[in-house]
Amino acid sequence: GISTDYIQARTGMSIQSAALISSLDSVGPIFLSSLVSWTVSRYGNRLWLIAFSGMASVLGFVVLLFFPDIPIVVCMLLLSLNNIISPTLLRSSIPMMLHPDMYGVGFGMYAGMTGLGGNANILIG
């Protein structure tokens, strides 16, 4: 997510308020991932949702970097859309791409790459 320190430096708000806004992109998936799963199961359109997710992420970063007048909450909500949609769709696509004998390998690789991506900043820094 976006650093609390960055939000505090950009907006001048208190560290507590900046931390609350910084956590918005992590809170959305807790409550809305099941809604995305249900929507995909009922209506399909997996490709359109993943494209929308990518566009929301790019738009969130563009607004964050180039439009300081737009409230930072808007940026965080756009980035949260990506965190809600992408992992749900990618994880649920594994059985569609692999033979049933390979499900364990597919889900294991997904878990390993997710762990690596989550800890990349620790490994690099």
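Helices here are DSSP runs of H or I with at least four residues, strands are runs of E with at least two, and both are numbered from the N terminus. Asn 45 has a positive phi of about 60°, although it is not a glycine. Most residues other than glycine have a negative phi. With a relative accessible area of 48%, Asn 45 is partly exposed; buried means under 20%, exposed means over 50%, and partly exposed is in between, using a 1.4 Å probe and protein chains only.

A word about what you're looking at: this is a predicted model, where local features need pLDDT of at least 70 and side-chain atom pairs count only at pLDDT 80 or more, while totals for chains, interfaces and linings use all residues. Residues are numbered from 1 along each chain as its sequence is written, and side-chain values use heavy atoms, with hydrogens and water left out.

Now step back. The chain has seven helices and zero strands, so from the N terminus on, the elements read α-α-α-α-α-α-α. Its C-alpha atoms fill a box of roughly 55 × 35 × 25 Å along the principal axes. Of the 125 residues, 26% count as buried. Among contacts (heavy atoms within 4.5 Å) with a separation of 6 or more, 58% come from residues 24 or more positions apart.

How do the axes of helix 1 and helix 2 cross? Helix 1 (residues 4-11) and helix 2 (residues 15-22) have axes that come within 8 Å and cross at roughly 120°. These axes are lines fitted to C-alpha atoms over the stretch in contact, and the angles run from 0 to 180 degrees between N-to-C directions. That makes helix 1 oblique to helix 2, because angles under 35 degrees count as roughly parallel, over 145 as roughly antiparallel, 65 to 115 as roughly perpendicular, and the rest as oblique. Helix 1 brings Thr 4, Asp 5, Ile 7 and Gln 8 to the contact, and helix 2 brings Ile 15, Ala 18, Ala 19, Ile 21 and Ser 22.

In soluble globular proteins, nonpolar side chains tend to be buried together. Where does that show up here? The largest nonpolar core has 10 residues, including Ile 2, Ile 7, Ala 18, Val 63, Cys 75 and Leu 79. Such a core is a set of buried Ala, Val, Leu, Ile, Met, Phe, Trp, Tyr and Cys residues joined through side-chain atoms within 4.5 Å. Helix 2, helix 4 (46-66) and helix 5 (72-97) each give two or more residues to this core, and helix 5 gives the most, with four. Zoom in on Cys 75: leaving aside residues up to four places away in sequence, it touches Gly 60, Val 63 and Leu 64.

There's also a second, separate core of five residues, with Val 40, Ile 84, Ile 85 and Leu 89 among them. Ile 84 belongs to helix 5, and at 5% relative accessibility it counts as buried. Not counting residues up to four places away in sequence, Ile 84 touches Gly 28, Pro 29, Leu 32, Ser 33 and Val 36.

Beyond residues up to four places away in sequence, Ser 57 touches Leu 78, Leu 79 and Asn 82.
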